[in-house]
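The exercises below are meant to be worked through with the sequence and the 3D view side by side. Try each task before reading its solution.

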Amino acid sequence: MTAYVPGVTETDLKKIVLAIQGLAAGRSNAVGTVTLATGVSTTIVSTPNAASGSTPILTPASANAATELGNGTLYVNAVANGSFTITHASSATAGRTFLYAVLG
């Protein structure tokens, strides 16, 4: 679920409080879903919350993704402003879907 982000010039205290409550309840705009590309060994994830120094956290969301993770061939090899890159096995297996959160 996404979090409400008040503008810098927001003066409505209720909107500001609701935004803080959402964050305290675990709401975040720094999450998403990625399905690994087939037939290649890297997948680039475009997300505005990524920046140099961020930490993407991946969670398997399918049996094929869990298998990929268990094989030990999956890792985040680069993080840049606006994206991160996942290195993985070059496979024809489709449906290797992961949930992700970007921290930092």
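## Exercises with worked solutions

In this predicted model, both F84 and Y100 are buried.

**Exercise 1.** Find the aromatic pair of the structure, and state how its two rings are placed and which parts of the chain the pair links.

*Solution.* Step one is the search, which covers the whole structure and finds one aromatic pair. Step two is the geometry: the partners are F84 and Y100, whose ring centres lie 5.3 Å from each other, with 80° between the planes. Since planes over 60 degrees apart count as edge-to-face, the pair of F84 and Y100 belongs to that class. Step three is the location, where F84 is found in strand β5 (residues 83–87) and Y100 in strand β6 (residues 97–103), so that the pair links distant parts of the chain, 16 residues apart.

**Exercise 2.** Describe the open sheet that three strands form, and work out why one side of β2 and of β4 is left without a neighbour in the sheet.

*Solution.* Begin with the order of the strands, which is β2-β5-β4, with antiparallel pairing. The strands β2 (42–46) and β4 (75–80) stand at the edges and have a single partner strand each, and therefore one side of each lacks a neighbour in the sheet. From one strand to the next, the twist averages 20°. Turning to the pairing of β4 with β5, these antiparallel strands are joined by five bridges, and V79 stands opposite F84 of β5.

**Exercise 3.** Locate the salt bridge, and decide whether its partners, E68 and R96, are buried or exposed.

*Solution.* The structure holds one salt bridge, in which the side chains of E68 and R96 meet at 2.9 Å, N to O. Because E68 belongs to helix α2 (residues 63–70) while R96 belongs to the loop between β5 and β6, the pair ties together parts that are 28 residues apart in sequence. For the second part of the task, the cut-off to apply is that buried means under 20% relative accessible area. The value for E68 is 4%, so E68 is buried, and the value for R96 is 1%, so R96 is buried.

**Exercise 4.** Describe the surroundings of T43, and state how far T43 is from N71 in sequence and in space.

*Solution.* T43 has its place in strand β2, and because its relative accessibility is 7%, T43 counts as buried. If neighbours within four places in sequence are left aside, the contacts of T43 include V34, T35, L36 and A37, and also F84, T85, I86 and H88. Finally, T43 and N71 are 28 residues apart in sequence, and their C-alpha atoms are 17 Å apart in space.

Technical notes: Residues are numbered from 1 along each chain as its sequence is written. This is a predicted model: local features need pLDDT of at least 70, side-chain atom pairs count only at pLDDT 80 or more; totals for chains, interfaces and linings use all residues. Side-chain values use heavy atoms; hydrogens and water are left out. Rings of Phe, Tyr and Trp (its six-membered ring) pair if their centres lie within 6.5 Å; planes under 30 degrees apart count as stacked, over 60 as edge-to-face and the rest as tilted. Helices (H or I, at least four residues) and strands (E, at least two) are DSSP runs, numbered from the N terminus. Buried means under 20% relative accessible area, exposed over 50%, partly exposed in between (1.4 Å probe, protein chains only). Two strands pair if DSSP finds at least two bridges between them. Axes are lines fitted to C-alpha atoms, for helices over the stretch in contact, and angles run from 0 to 180 degrees between N-to-C directions. A salt bridge is a side-chain nitrogen of Lys or Arg within 4 Å of a carboxyl oxygen of Asp or Glu. Contact means heavy atoms within 4.5 Å.
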